[in-house]
2 protein chains.
Amino acid sequence: MITSSQNPKLKLARALLGRPKERRAAGAFVAEGVRLVEEAALSGWPFRFVLHTEALSERGEALIEKLKTKNVDCETVDERLLQSLSDTGNTQGIIAILDYSLFPVPPILDFVLIPDQIRDPGNLGMLLRTAAAAGVQAVLIPPETTDAFAPKVVRAGMGAHFRLPIHAMEWEEIRRISESAKLKVWLADMEGRSCWQADLRAPLALIVGGEAEGASAQASKLADEQLCVPMPGRVESLNAGVAGAVLMFEVVRQRS
Amino acid sequence: MITSSQNPKLKLARALLGRPKERRAAGAFVAEGVRLVEEAALSGWPFRFVLHTEALSERGEALIEKLKTKNVDCETVDERLLQSLSDTGNTQGIIAILDYSLFPVPPILDFVLIPDQIRDPGNLGMLLRTAAAAGVQAVLIPPETTDAFAPKVVRAGMGAHFRLPIHAMEWEEIRRISESAKLKVWLADMEGRSCWQADLRAPLALIVGGEAEGASAQASKLADEQLCVPMPGRVESLNAGVAGAVLMFEVVRQRS
């Protein structure tokens, strides 16, 4: 059992739960809690190792047994040490250190999400979860958006990270992908065309901007046209995760 | 300037930021931050009093000036005392203590939201914000859902509280209102009919259930039919706030 806070596995986990640059340098990230680690296992994701407390729920114990049969390195750790790692204390006694190994962006695309200037990890995680549900094929993350592999984003994503290609990249690369797949780029904007009047059946990328600043100059430059959710209630705006969800499922509706 | 933590106004504010029963007993709640207090003022909401720090942003100072011309009691308070009240420290130097005074439920209804077993304040606030945007006419809150006037719900509601009738009530009362307005009651459920196939133009109430437990027995009993957001991505579920948003805006689309 790991009982020292200086243990190298524990130190790696702590670093990966911190800054984006630590995750990028190690090429790894952390999933916390029984449900998320189950999702990672189900998806066949590459595990580095698992840390868990001795006492676990029945479901947690079954998960550890299953991981061991798959030769995943599972090590017990002192309960207080594990709790001290997590900002939520919501590990349920299990964390997995996972390879960054990403799905490639598919060469043929017709449904892409670009979350622009989303700073709130909960909002980004919600967008990723919704994107996975709506059958989005790839999520391209521009530099101004928060790190998609931060622990709060992974938690709010509820397994989206194990189903979707999620790639941080520069705007030039996003433009290159959009152009080569011949995507029409729509920017969610209150002044845009009604999503119920727009034809969303052709291959498209949808840029959903952050709440505080609206769309970035780069996003506006890339966009072919603007798209809005008409609001009878005349409130100032929708939550970015909500606006993105309504627009993504309008794409699904039109194509179904 | 208020400098004692035992000041009666400060004690009332502290109580109202705490338990639901304090809010119900006093018939009041708290809005924090310049933007929310502005919204309350714009809507003509009844103010009890405002507490603010001496140093304020320009926008904050303009707001206090405007409130004073409306004879709202505005009192300065020591900065650390004000900060100690708020769990987010996100007051921007201003909080308003507001009457509970609710809009009545309109006698003629065709669009009602019932958030069932929503425990997360952020999720409930997001549902209220979306409901205000979608032109919902009343939100009926059953007993199992978290208090809609808790500070985190008010914050996430982004002003919805000043636009929408939001009423906590027993299920019997919800049934009485639904029946007298002849509403068809739809329950959001993964096993339900596709929202794109269902006719949502007739007067309706939409029950959106919490994530953890799904719909309550009471909700299932009240519902006439179940309604789902079809998900091509085959994930386990959508966030309750997201599912509610997609369904509410599908109602708007069908009626527009």
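Across the interface of chain A and chain B the rule finds zero salt bridges, a salt bridge being a side-chain nitrogen of Lys or Arg within 4 Å of a carboxyl oxygen of Asp or Glu. This is a predicted model, in which local features need pLDDT of at least 70 and side-chain atom pairs count only at pLDDT 80 or more, while totals for chains, interfaces and linings use all residues. Residues are numbered from 1 along each chain as its sequence is written, chains are lettered from A in the order in which they are written, and side-chain values use heavy atoms, with hydrogens and water left out.

**The interface**

- Chain A contributes 30 residues to the contact and chain B 31 residues, where contact means heavy atoms within 4.5 Å.
- About 2400 Å² is buried between chain A and chain B, with carbon and sulfur atoms giving 66% of that area; buried area is the accessible area (1.4 Å probe) that two parts lose on being put together, summed over both.
- On the chain A side, A:Arg129, A:Trp196 and A:Phe249 lose the most area to chain B, together 24% of what that side buries.

**Helix H10 of chain A against helix H10 of chain B**

- The axes of H10(A) and H10(B), each spanning residues 240–255, come within 9 Å and cross at roughly 60°; axes are lines fitted to C-alpha atoms, for helices over the stretch in contact, and angles run from 0 to 180 degrees between N-to-C directions.
- H10(A) and H10(B) are therefore oblique to each other, since angles under 35 degrees count as roughly parallel, over 145 as roughly antiparallel, 65 to 115 as roughly perpendicular and the rest as oblique.
- The contact is made by Val242, Ala245, Val246, Phe249, Glu250 and Arg253 of both H10(A) and H10(B).
- These residues divide into eight nonpolar, no polar and four charged, with Ala, Val, Leu, Ile, Met, Phe, Trp, Tyr, Cys and Pro counted as nonpolar, Asp, Glu, Lys and Arg as charged, and the others, Gly among them, as polar.

**Helices H6 and H10 within chain B**

- The axes of H6(B) (residues 121–134) and H10(B) come within 9 Å and cross at roughly 10°, which makes H6(B) roughly parallel to H10(B).
- Residues of H6(B) including B:Met126, B:Leu127 and B:Thr130 meet residues of H10(B) including B:Ala245, B:Met248 and B:Phe249.
- By class, the contact of H6(B) with H10(B) has eleven nonpolar, four polar and no charged residues.

Note on methods
Helix = DSSP H or I, 4+ residues; strand = E, 2+ residues; numbered from the N terminus.
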